[in-house]
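Q: I would like to learn how to read a few features of a model. Could we take a bridge, a sheet and a single residue in turn?

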Amino acid sequence: MPIALVDCNNFYVSCERVFNPRLEGKPVVVLSNNDGCAVARSNEVKAMGIKMGEPWFKMKDVAQKHGIIALSSNYSLYGDMSARVMSILSDFSPNQEIYSIDECFLDLDGFDPNTLMDYGQKIRQTVRQGTGIPVCVGMADTKTLAKLANHCAKKGLAGSNGVCNFGSMDEQQSSALLSDIPVGEVWGIGRRITAKLNEMGILSIQDLRSSDPEYIRQQFSVVVERTVKELNGIPCIELENAAQPRQQIMVSRSFGNEVSQLAELSESISYYATLAAEKLRHDGSVASSLCIFVRTNPFKDDVPQYSRSMVVPLLRPTDDTLKLVHASLQGLKQIYRAG
């Protein structure tokens, strides 16, 4: 059953470029809420060796030297653009799983295998024309392989031009390709597992693919065993057509300027609790408790630091804005510290 993974390229940066075309071709980095760390990088910035999560103060010299443009994150914009992209992609398959804000799986079962590469290019062109967002498409018989195919499409491997279809490769071609990709690039294989696999002599994806699933299960877990099977084209991870209900909702922001007055903090906390309530109602959910947290700027290590949180239980699970705001303010008063 062919599956496609469609992933937006440098999504936050691409969203900013849609509304400011002058950013095209220039090195751009999007910073986290408090302008502390890089949460998105253009290809030009990646080429400079700047890593995801790199603190802004560490890259300031490089930014000044190379003219890197730093932007504060705008999650309302990114959420709206994501909804537009996903709406367009829903027209390309009867079954769609939105995996994250910038990627989704499409079920291509029943599609003519000989037309999938052209279909992938059509997906890219339609999304670009409709939203201005560039995407890459990876296709394979399992979700793990589709993620890998998308990685290859983004890197331009195997002669791909934004679309990579493992189903069009023979065994020799796929083995040669996966032999050159480090095992850490596999979906779900983190740093610790990668380190242990390397100690076992499993360095490439092809090495893991050729491993005995039973032995891998003994050394790690059933999850890694399923990964090996998925790499061999055996589906173990089903496509989820309906999004799972969220177990928690977070609304977290940092101020552009330092704030120390209770009145100002209370106003912001009330606003964030209101946003959380809206999200609860949108999901058809209720909350049984909420957590309030405050902290000073961790990047100013030359001044006293303060950080505290508090969980406020609710008498009854609710999505009522007034009740959530009231509970939030009660919690804030207890953890607030003057100055």
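A: Start with one bridge in this predicted model. Valine 29 has alanine 70 of strand S4 as its bridge partner.

Q: How many bridges join strand S2 to S4, and how do the two strands run?

A: Strands S2 (residues 28-31) and S4 run parallel, joined by four bridges.

Q: In what order do the strands of the sheet stand?

A: The order is S3-S2-S4, an open sheet of three strands with mixed pairing. Strand S3 (38-41) and strand S4 (69-72) each have a single partner strand, so they stand at the edges and one side of each is left without a neighbour in the sheet. From one strand to the next, the twist averages 30°.

Q: Which helix packs on the sheet, and which strands does that helix touch?

A: Helix H1 (residues 11-19) does, with contacts to S2, S3 and S4. The direction of H1 makes about 110° with that of S2.

Q: Now the single residue. Is threonine 318 buried or exposed?

A: Buried means under 20% relative accessible area. Threonine 318 has 8%, so this residue counts as buried. Threonine 318 lies in strand S10 (residues 307-318).

Q: Which residues does threonine 318 touch, not counting those up to four places away in sequence?

A: They are Leu280, Val286, Ala287, Lys323 and Leu324.

Q: What does the side chain of threonine 318 reach at 2.9 Å?

A: The backbone nitrogen of aspartate 320.

Q: How many Å separate the C-alpha atoms of threonine 318 and glycine 156?

A: These two C-alpha atoms are separated by 49 Å, and the residues are 162 apart along the chain.

Conventions:
Residues numbered from 1 in each chain as written. Predicted model: local features only at pLDDT ≥ 70, side-chain atom pairs only at ≥ 80, totals over all residues. Heavy atoms only, no water. Pairing = 2+ DSSP bridges. Axes fitted to C-alpha atoms, helices over the stretch in contact; angles between N-to-C directions. Contact = heavy atoms within 4.5 Å. Buried < 20%, exposed > 50% of the residue type's maximum accessible area, 1.4 Å probe, protein only. Polar contact = N/O pair within 3.5 Å; in protein donor to acceptor, adjacent residues only side chain to side chain.
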